[in-house]
Amino acid sequence: MRVLEANQVTKIYGDTKSENSTKALNGVDFKVDEGEFVAIMGPSGSGKSTLVSILSGITEPTTGSVVISGKRIDQMNRFDMALFRRRSLGFVFQEFNLLDSLTVKENIILPMVLDKKDSAIMNSKAAEVLKLFEIENIADKYPYEISGGQQQRAAVCRSLVNDPVMIFADEPTGNLDSKSANAVMNCFKMMNEEKNATILMVTHDVFAASFCKKVIFIKDGKICLEVANKGTRKEF
Ligand code: ADP
Ligand code: ADP
């Protein structure tokens, strides 16, 4: 099933008529199906962050369309978009973005609290993900009491609790040593394999990308290469 489809997306920063404007994306077509685990790689300034922020509804494209779960997100107003992001999408950032005054478990259930879910549902869901990612032992600890790797695993847990149609991760291993990066990438892999989560990740990290089923390379605002780990290769 198709989860995301972007057609001919362009992004120009600044006044389009001015010489100072930057063409960050130049006609990107992009599709993601349910259960895919995709990495986007490319040199700094190639447009990765811009692409992911457009695909996840944070930034508006200059032209082109983005459809997630059959909805044109580029045409949604800010309010509907914020609600759609909270209800239907999961996010993991380079900074772990946990609230310091909440325990790990409270951080994990926060998206469900905001969605006014029943407390029995929240507790059983929290117990399920804490067990799946083997972090039950830190459930009652505060973020400042645990390692960066544990914080990021909690953030990955949190991205999953609302059963999002898709999870976006921006450099999720960027602040981690290699052992913690391995643990975090194994969480994503498990989420993808056991929960059939659909994941799109931006990374500079070849090690992190090696966990993904497909890698897309972007250069000068265009997709130039797509490789699947079953060996298929498409050049553009
Ligand atoms: P990457 O994530 O691959 O490093 P970006 O999407 O951040 O690439 O940037 C692509 C291009 O767009 C770069 O030339 C960058 O300087 C420019 N750019 C990104 N964000 C903005 C912005 N908010 N305003 C102006 N230019 C931007
Ligand atoms: P990263 O590639 O790690 O995401 P960037 O340096 O591309 O980091 O971007 C960091 C932030 O700065 C982003 O929000 C991006 O949109 C913004 N940004 C990047 N380049 C520019 C630019 N030339 N002018 C204004 N904002 C920019």
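Trainee: In which hand does helix 5 pass helix 6?
Mentor: Keep in mind that this is a predicted model. Here, the crossing of helix 5 over helix 6 is right-handed.

Trainee: At what angle do helix 5 and helix 6 pack, and how far apart are their axes?
Mentor: For helix 5 and helix 6, which spans residues 178-195, the angle is about 20 degrees and the axes are 8 Å apart. That angle makes helix 5 roughly parallel to helix 6; the cut-off for that label is under 35 degrees.

Trainee: What about helix 3 and helix 5: how do they pack?
Mentor: Helix 3 covers residues 104-114 and helix 5 covers residues 148-160, and their axes lie 7 Å apart at an angle of about 30 degrees. Helix 3 and helix 5 are therefore roughly parallel as well. Their crossing is right-handed.

Trainee: And which angle do helix 3 and helix 4 make?
Mentor: That pair packs at about 130 degrees, with axes 10 Å apart; helix 4 runs over residues 119-132. The crossing of helix 3 and helix 4 is right-handed.

Trainee: Let's turn to the ligand. Which residues surround ligand 1?
Mentor: Start with the shell, then look at single contacts. Around ligand 1 you'll find Tyr 13, Thr 22, Ala 24 and Pro 43, then Ser 44, Gly 45, Ser 46, Gly 47, Lys 48, Ser 49 and Thr 50. Sorted by class, that shell has seven polar, three nonpolar and one charged residues.

Trainee: Which polar atoms sit by an oxygen or nitrogen of ligand 1?
Mentor: On the backbone side, a polar atom of Gly 47 is 3.0 Å from a ligand 1 oxygen, and a polar backbone atom of Ser 46 is 3.1 Å from an oxygen of ligand 1. From a side chain, an N or O atom of Tyr 13 lies 3.4 Å from a ligand 1 nitrogen. As for cover, the protein hides 58% of the 560 Å² of accessible area that ligand 1 has on its own.

Trainee: Which elements give two or more residues to the shell around ligand 1?
Mentor: Those are strand 2 (22-33) and helix 1 (48-55). Helix 1 gives the most, with three residues.

Terms used:
Residues numbered from 1 in each chain as written. Chains lettered and ligands numbered in written order. Predicted model: local features only at pLDDT ≥ 70, side-chain atom pairs only at ≥ 80, totals over all residues. Heavy atoms only, no water. Near = heavy atom within 4 Å. Polar contact = N/O pair within 3.5 Å; in protein donor to acceptor, adjacent residues only side chain to side chain. Areas by Shrake-Rupley, 256 points an atom, 1.4 Å probe, with all protein chains shown as cover. Helix = DSSP H or I, 4+ residues; strand = E, 2+ residues; numbered from the N terminus. Nonpolar A, V, L, I, M, F, W, Y, C, P; charged D, E, K, R; others polar. Axes fitted to C-alpha atoms, helices over the stretch in contact; angles between N-to-C directions. Parallel < 35°, antiparallel > 145°, perpendicular 65-115°, else oblique. Left-handed = near helix turned anticlockwise from the far one by under 90°.
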